[in-house]
Every structure is written in structure tokens, then in C-alpha cells.
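Me: Could you walk me through a few of the labels used for this structure? I'd like to see what each one rests on.

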Amino acid sequence: MKFAKVMPTILGGALLLASVSSAAAAPISDSSIPFEAPYTSEESIQLTNNPDETIYNYLGQQEQFLNADVKGQLKIIKRSTDTSGVRHFRLKQYIKGVPVYGAEQTIHLDKNGAVTSALGDLPPIEEQAIPNDGVPAISAEDAIQAAEKEAASRIGELGAPELEPKAELNIYHHEEDGQTYLVYITEVNVLEPAPLRTKYFINALDGSIVSQFDIINFATGTGTGVLGDTKTLTTTQSGSTFQLKDTTRGNGIQTYSANNRSSLPGTLLTSSNNIWTDRAAVDAHAYAAATYDFYKNKFNRNGIDGNGLLIRSTVHYGSNYNNAFWNGAQIVFGDGDGSLFRAFSADLDVVGHELTHGVIEYTADLEYRNEPGALNEAFADIMGNTIESKNWLLGDDIYTPNIPGDALRSLSNPTLYDQPDKYSDRYTGTQDNGGVHINSGIINKAYYLAAQGGTHNGVTVSGIGRDKAVRIFYSTLVNYLTPTSKFAAAKTATIQAAKDLYGANSAEATAITKAYQAVGL
């Protein structure tokens, strides 16, 4: 019997199978979201030998459509070139020298230096509407205290922070009330008295909370792994003992045990003979290495942040803890209760999913609520599933171990686990941060169709295979999407990524286009 009504919090804040019915809603088109489709202009773009100049010439022609003084407010914050020779640029908006939250543009130049597309979202903010001319009335420390006070009111006296608290001044356009605020953006990230990671937007004039949402990424979750398989591990010898520490990948992979307590990172695991019997630790260590290798070998990405960020994992967190999570600093695995879940490190796609949440933080940084949050979950699902490439299921090695064939999610058929597989069936309520765990099924289905092919909702897609599909979706994530991208933006961005990688009239671009059409986008 499948646990259809159980709500396990798993896979990166993601595989939460909420028992909330999807509310029917009309599909939207690309044109209904400002600036998500490539800009058009009757004027020719002046190409120069200086790509920065080309970009600003291009944006200058679109200034009437942008809510920005192009040269005065948009700054290039990142440049990269992919294997096809396409150059990618990310720009961020600043008003009065203060960054505008979520206001980013991605612009893309082909091999000849011509602009192929520009994607992003700049909120409608007038400079004169900036409160107090952009000058805060409270300090960053005051904002941090306000956030901590709210968090403590929910879970009790806070333990030590997992990440050093900081607050950044931003201009924030609140979509719900249409108002512009000067805010400090900060987060509370603790393990005690309960794991909590919440982002806060604190009014920089009076210390009130303008907005907040939870972003902790829960995963529902030689040596011998949990399932009895033998794995080869990279370890480090220190004197007469061996440490579960891999120094060959980036800045390292280290695996610890919390010893059924809740302090992190816990104790670095050691062995006297380099034969490892802690099965949860063996899997955590091996699967972190496999995830690092996937990103390095396929995309030449050096770890989570692209610069070899240390990957730290802790197993045996709590007692029979039915969860696992990425907290912005490391991955934490519970042992499960043996009935609903087994040890959470036992599934490669779970580990890959969680580490991908870190990759997302360092690239598109998709906001963890509503449609951007569902995209966040979907991209973590897609990468985790592809790293394992065993089937189209997620969490099948850890969920309900006594029920064969059960899983947490299905990319091929999201409806098996109470997720929508088309946009018109999306959940539009307020639970689950606006359906981040529920609506990811829509994008997952689009990815499956692009890779595998098939007919869905009357649209037939010719699959291009997992390898090409994942390259396109990865490029979409790291080069095109911005923090507030919605589903229509993801469609436009993924199609453009396919065109830039394989050609405007390629079978790959056609497959991506039809895959999104098949899910109602």
C-alpha cells in the first residue's frame, strides 16, 4: 500500500508530497510576464569588439521597456563562455547604489558577438519611490535581532547559528502589495532547538518584517553501503588511522557522524584499517564524490560553488530522524525510522538533489517560494535523478523500505505521487511555500519528455536523450534564470539555451519547445 496521504519532507525541501489538491488555473503565455521573452527591436544592434559595449548598446534600445536607466543602474556581475562559444552575461540593477532584490538580467552573445537573447525581470520601481532616499534608519545588527526575535517566537531560544548572521541592504518590490521597501535581507539558520533556516526582509526604516519564508532544504531524506553493496572510497591517512576525508576533489569531501545528537558537524569518522563499516557514512561519502564527479566531468564545474567548495556531510543526526537537509553549509542525514524511511544517505539521487540545491544557490538562486521555488525543486530533482540515471524515480531506495517499487516522485508520471503534470492543474494556494514541492512535477515532466520522448496532452515529443537534455537544463539554470524566474521564463530560457547549444532550428530546440507545450506552457 502506498502512503498517498503521508507528507514526508524530503529531497531538498522538495519531495514534500503534500496532500493538497491542485487548483485549476488557466495557463499563461510568455508575453504575460514582462521581459521574459527575448527583446525585439526594429533597429539593428551595433556590434563592437567590446562585448560590454554591445550589451549596453542593445539594452539602450530596449530602455523604454525596462524599468531602469540602463547604463546608470545595470551592472555586469558575471561573465562566462560555454563550450559552444556562446558568451553569457548576468547583470544586476542598482538604484542609488543599493541593489534591487531579484532584479537581474541574463544576456547572451553568439560566436560573432551578436545578442541572441535577454531574459530577466526588473520590477517597476521609480527612483523617487525609494523610501528615505535609500538611507536606512536602523542598523544591520537591528535587522538581525528582529529576525532572530521572530524565529525564537516560533521555536524557542535559538542555538548557535550555522552561518554567521549578516544583513544586506536592498530595495524590495513586494509583489503582493505592489509597494517598494528599503529592507535588510537576512536569515536565521540554526539547528537548535530545531532545524530552521528562514529568510527575512526587514524594513530598514522601522525594523518590521515585510516578508519571510523558510528555505531550509530538507531531503526526505572500501566499505559496505546501506543496501549491502561494496564501495571504493577515497580517504586520508593520518598517522596510524584513516579519515573519511577525500582531498582529491575540489577543496575536499569530509564525512562526519553526529552520534545521534544534533550538534554539527559532529565527529570526523576514522578507521584503523581503512575498511569502513558505518554503512550510512559509506554511502554519504561515496555519493558526495559521485555528485562532484558528475558536475566536474559533464559540465567542468568545480563543486557546488564552481570554486571547489568543501562538501561536508553528517550522518546519524538525531534519533530515528526521518529527514535530511542542506542548510546552506552542509548536508545532514537522519537514519530514518526503518518503516517510512531507511537511512537517507542510501540513495544517490537524494544526495545529488541536496547538493544541487547548493549549486542553485550559487547560480540562479531561485527564490524558495511560489513558481521560482517549484523551479528550484524541479532542477534539484532533474539533476539528482540524472546523476543516478537508474530510472525516472526519486527516493525509491530510501522511501518505505518494506514496500517494493515505492518512491517519492516520478519524473515520468508525477501524478503517481499527487503532483500535477500540466500547468493548468498547478496548485495555487499558500501551503507549502506556494506549492514548491507540488508544482515541481510540471517541469519534471517536461524534462522527461524532452529526454525520453512521448505523447502527452495530445503533443508528441521526439526525445533527445538524457545527456543532451541535462546539458540544456543545466545551462538554463546557471546562465539564463534569475532569482524570480517563473515557469514561463523557464520555458523561454530553456528553449533559448537549446538554440544556443545546438542551433535555432535543431531537433534539440524543437524537442524542448514541444516538451513545454505538452505540459501546457
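Reply: Happy to! Axes are lines fitted to C-alpha atoms, for helices over the stretch in contact, with angles from 0 to 180 degrees between N-to-C directions. Helices (H or I, at least four residues) and strands (E, at least two) are DSSP runs, numbered from the N terminus. This is a predicted model, where local features need pLDDT of at least 70, side-chain atom pairs count only at pLDDT 80 or more, and totals for chains, interfaces and linings use all residues. Residues are numbered from 1 along each chain as its sequence is written, and side-chain values use heavy atoms, leaving out hydrogens and water.

Me: How do the axes of H6 and H9 cross?

Reply: The axes of helix H6 (residues 370-388) and helix H9 (residues 466-480) cross at roughly 145° and come within 11 Å. Contact means heavy atoms within 4.5 Å; H6 contributes residues including Phe-379 and Met-383, and H9 residues including Val-470 and Phe-473.

Me: Why does Ile-253 count as buried?

Reply: Buried means under 20% relative accessible area, exposed over 50% and partly exposed in between (1.4 Å probe, protein chains only). Ile-253 has 1% relative accessibility, so Ile-253 counts as buried. Ile-253 lies in strand S15 (residues 253-257), and among the residues Ile-253 touches are Leu-244, Tyr-292 and Leu-310.

Me: What makes S12 and S13 a pair?

Reply: Two strands pair if DSSP finds at least two bridges between them. S12 and strand S13 (residues 241-243) have 3 bridges, in the antiparallel sense.

Technical notes
Lists of a residue's contacts leave out its neighbours within four places in sequence.
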